[in-house]
Amino acid sequence: SGDRYQRRVGIVGAGDMGSALANDLISRRSFGLQPVIFFDDNKRKWGRRLHGVPIVGPISSLPERVLQTRITEVIITM
């Protein structure tokens with residue numbers, strides 16, 4: 001399937017720009033980037049989802065999340 005060519009990305013910033021980016025990547029699969037995790041400093045957002053993508057915590061939690069999510073890239077939107 002074409003999914004194996006999707007690069008799994010994390011997005012830093014679950015605000016308006018991060019939301020718009022995730023929406024674009026999800027709706028335009030031809031970009032080849034699949035958002036799988038959001039990082040955000042706002043604790044109130046942790047545990048929620050944005051466009052179906054979980055918001056997990058601050059960027060400092062990235063190292064522990066790489067193996068579990070298999071992300072290959074991070075896009076910073078803030």
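The side chain of Gln6 places a polar atom 3.0 Å from the backbone oxygen of Arg29. That is a polar contact (N or O atoms within 3.5 Å; within protein, one must be able to donate a hydrogen and the other to accept it, and residues adjacent in sequence count only if both atoms are side-chain atoms). The model is predicted: local features need pLDDT of at least 70, side-chain atom pairs count only at pLDDT 80 or more, and totals for chains, interfaces and linings use all residues. Residues are numbered from 1 along each chain as its sequence is written, and side-chain values use heavy atoms, with hydrogens and water left out.

**Gln6**
- Gln6 sits in the segment before strand 1. Strands (E, at least two residues) and helices (H or I, at least four) are DSSP runs, numbered from the N terminus.
- Gln6 counts as buried, at 13% relative accessibility. Buried means under 20% relative accessible area, exposed over 50%, and partly exposed in between (1.4 Å probe, protein chains only).
- Beyond its neighbours within four places in sequence, Gln6 is in contact with Arg29, Gly32, Leu33 and Gln34. Contact means heavy atoms within 4.5 Å.

**Salt bridges**
- The whole structure holds two salt bridges. Each needs a side-chain nitrogen of Lys or Arg within 4 Å of a carboxyl oxygen of Asp or Glu.
- Glu73 and Arg7 form one of them, at 2.3 Å from N to O. Glu73 lies in strand 5 and Arg7 in strand 1 (residues 7-12), so this pair ties together parts 66 residues apart in sequence.
- Glu73 is partly exposed at 26%. Arg7 is also partly exposed, at 40%.
- Lys45 and Asp40 form a salt bridge at 3.8 Å, N to O. Lys45 is partly exposed at 22%, whereas Asp40 is buried at 9%.

**Nonpolar patch**
- Ile59, Val74, Ile76 and Met78 make a nonpolar surface patch of about 400 Å². Patch residues have over 30% relative accessible area and no salt bridge; like charges are joined within 9 Å, nonpolar side chains (Val, Leu, Ile, Met, Phe, Trp, Tyr) within 5 Å.
- Areas come from the Shrake-Rupley method with a 1.4 Å probe; for residues, only the protein chains shown count as cover.
- Met78 follows strand 5 (73-76), in the segment after it. Met78 is exposed, at 62% relative accessibility.

**Confidence**
- The protein chain averages a pLDDT of 93, and 95% of the residues score at least 70. pLDDT is the predictor's confidence in each residue, from 0 to 100.
- Confidence in the protein chain is lowest in helix 2 (residues 62-69), at a mean of 92, and highest in strand 3 (residues 49-50), at 98.
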